[in-house]
Amino acid sequence: MKKLALLQVLLMSLIGMAQNNTSSFEKYPVFPECSEVSVSQLEACFNTTLQQFVYSNFKVPQVVASEDYTGEVIVFFEVNAEGAFKVLYVEAFYNELKEEARRVFDLLPTISPATFSGKPSYVQFTMPIKIPLVMPSEKEAENPSAKPDQSSESETITSLKGEYDAIENLPYTNEKFSSNINIPLSHHQYSLFDPALNRVGQNNHTAQKPYVYSEVNTYYNFESAQQKLLKNKTSWLGRKWWNEHMVTIKGDDYWLTLDPGVDLQVGRDLDTDIDTYNNTRLVYTQGGIGKQINFFAVVYESQGRFADYFNRYAESIKPDGGNPAIIPGRGIAKTFRSDSYDYPIATGHVSFTPSKHFNIQLGHGKNFIGDGYRSLLFSDNASPYPFFKLNTTFWKLKYTNTWMSLRDVRSEVTQDGSYRTKYMANHYLSYNVTKRLNIGLFESVIWENDNDRGFDFNYVNPVIFYRAIEFSTGSRGGNALIGLSAKYKFTDRVNAYSQLIIDEFSSGDIFGGEGSYKNKVGYQIGAKYYDAFGLENFYLQAEYNRVRPYTYSHNSIVLNYGHNNQSMAHTLGANFSEFIGIARYQYGRVFGDLKVIVAKRGLEVNTTEDPFFYGGDIYGTEDNRPSDLGNELGQGNTTDFFHAEVQAGYLINPSTNLKVYGSVIFRDFKPEFNTETVFENQTTWINFGIRTDLFNWYYDF
């Protein structure tokens, strides 16, 4: 946290150097010339001495002088904890100017480092150097008692008419890394900084996702990681394609980036001879206003056709009203041409951080709770939804409250062309018990908009387990689930994690051993191995998930744990066991992922002879169960499921996370017996694409 405080003074200098409030650290770096000045004057002395040194030693290259170039060199540097100057990045029109700036900074002596709480710490700066060189001069001291000169009305008008021209566009220096914007949910991207978040002894929390940049930047230096990937490009097109955001705007107390993006895929399902594609065009923006408000928004326009199993599932969860499908994880689709889908969507959020203890978000998107690839508590499997989230962090605790508006789009509950609205409130309390052990307590409450009561403010109560206890006493205004999670860090490179979900807690049925349909529990155990076998950025993960029949479902179907006909937890619903093995690796801009899933699933039979609900589809009703007792995992149409997926690619632009890739999916689906909707099939799906990676695609169901 100390280094984070120092990073908050990222831009500071005197003449031409932007300066932030310096009250967040105790003492500036000290040149020998400044050793006798008072602490309050160290900032001015540091800036003056540095600028004088640069002016005295900087030699404008001949090519720059001969072409009468006018502009500036932007130097991003740090003074580390040993007091040494280190150039992190130089931006200039000429390579010769970049080389000269680095040469001059290499000449700087080692000085006394900045201190925070009495301990040496590093601090970062951005310094513009005017070309042609301008001799530094002392600023006139401000007289706080001096009164402003009186101006005539005409002079005032003239001054106001110059406001537009006075707007200054400052250089963008990756302000997003210190902002409170959510880091887009991407399993591969998160795996890059996951090791830094899981070192023994740290007091951070890793289950509540998406993370915001500022909390991760404390443990993982985004700026340094990106610098290692930058290409030496001087042309505008080269910089924008390989290194930078397309449009950047920055002023004294605001910043903004704007980027186009794509998710273009072409492929083929070899087993059904289907040519597949996805054609997504998108534009996204992110920024900040002042120090407390940040925002992010993205608009997608998409058309696509996918592998046969994916298309069949999308159509099986279609909504009422004539639309042919819901694209899993995306949204409702319209017909496009004769065999494709059109599915536009928009997501985004506004983040307000009134203090270091609180972060408040209002948005339309997804959230995730857990340390695994899957989550049995709350995942990003379903379509985006409106949400309001409050994160509270202090001591060894992080408490997350999320309120959501969800939809039931089945024809049975559609009225006057409108889908049924329901609401969900999640509470998750994370506690670092020791420097190695973390535990989490979870509660989710679902209620519907019955009797036109709308959003019931009784559910705004942030006290965890309050509604669950109320329901257990007989007050049935909704449905409550409770859960427990844990993580243990064996070393900086190895940790284990787990989850337990209990839907409709009934100790007699859970521990009775008679297979009661009320025994609605699931659990997860997993482990991660970072820099596996000593290979940097080689990530291994193993995970086992097991969820009993009828978990997440409800006899009032509207109150199930679903949204847009998709599960809010695990992709497979319920009534399954699953093993997952994952390997990820990145070397520079080259990356590769391998994922293998082996599962046993219990699907519904859905025939005239056997219409019972066996507990796999969370949109079934428990009133149609075959029996009260003797229910076992995998009951119904027992299905063996195998999924293997390999992907390799190249990161084109680290600022926008634009990637080019190729992937192969092999899927083997073997039910105990074939029905009209469930039958044995195999899929080999080959894909090539270019993608702005802003969300997780799930093909493994």
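**A guided tour from Asp668 onwards**

Select Asp668 and Gln682: their side chains make a polar contact at 3.2 Å (a pair of N or O atoms within 3.5 Å; within protein, one must be able to donate a hydrogen and the other to accept it, and residues adjacent in sequence count only if both atoms are side-chain atoms). The model is predicted, so local features need pLDDT of at least 70 and side-chain atom pairs count only at pLDDT 80 or more, while totals for chains, interfaces and linings use all residues. Residues are numbered from 1 along each chain as its sequence is written, and side-chain values use heavy atoms, with hydrogens and water left out.

Asp668 belongs to strand E30 (helices, H or I, of at least four residues and strands, E, of at least two are DSSP runs, numbered from the N terminus). With a relative accessible area of 13%, Asp668 is buried (buried is under 20% relative accessible area, exposed over 50%, partly exposed in between, with a 1.4 Å probe and protein chains only). Beyond its neighbours within four places in sequence, Asp668 is in contact with Asp640, Phe641, Phe642, Asn681 and Gln682 (contact means heavy atoms within 4.5 Å).

Next, select Ser655, in the loop between strand E29 (637–653) and strand E30 (658–671). Ser655 is buried, at 4% relative accessible area. Its side chain makes a polar contact of 3.3 Å with the side chain of Gln226. Neighbours within four places aside, the residues in contact with Ser655 also include Lys176, Asn243 and Tyr284.

Now select helix H11 (residues 308–316), whose buried residues are Tyr309, Phe310, Asn311 and Ala314. These buried residues pack against several strands, among them E29, E30 and strand E31 (681–692).

**Two further helix stops**

Select helix H7 (residues 187–197). Eight of its eleven residues are buried, so H7 is largely enclosed by the rest of the structure. Tyr190, Phe193 and Leu197 are among the buried ones.

Then display helix H2 (residues 42–57) together with helix H4 (residues 95–107): they pack at an angle of about 120°, with axes 10 Å apart. H2 is therefore oblique to H4. Axes are lines fitted to C-alpha atoms, for helices over the stretch in contact, and angles run from 0 to 180 degrees between N-to-C directions; under 35 degrees is roughly parallel, over 145 roughly antiparallel, 65 to 115 roughly perpendicular and the rest oblique. Leu50, Phe53, Val54 and Asn57 of H2 meet Glu100, Arg103, Val104, Phe105 and Leu107 of H4.

**Loops and backbone angles**

Select Asn555, in the loop between strand E24 (538–547) and strand E25 (562–563). Asn555 is partly exposed, at 39% relative accessibility. Its side chain makes a polar contact with that of His554, at 2.9 Å. Leaving aside neighbours within four places in sequence, Asn555 is in contact with Thr621, Glu622 and Asp623.

In the loop between E24 and E25, select Tyr550. Its phi is positive, about 75°, although Tyr550 is not a glycine. Tyr550 is buried, with 0% relative accessible area.

Asn575, in the loop between strand E26 (566–567) and strand E27 (576–587), has a positive phi of about 65° although it is not a glycine. Asn575 is buried, with a relative accessible area of 0%. Most residues other than glycine have a negative phi, and most peptide bonds are trans.

Finally, select Ile131 and Pro132, which are joined by a cis peptide bond with omega about 0°. The bond from Lys209 to Pro210 is also cis, with omega near 5°.
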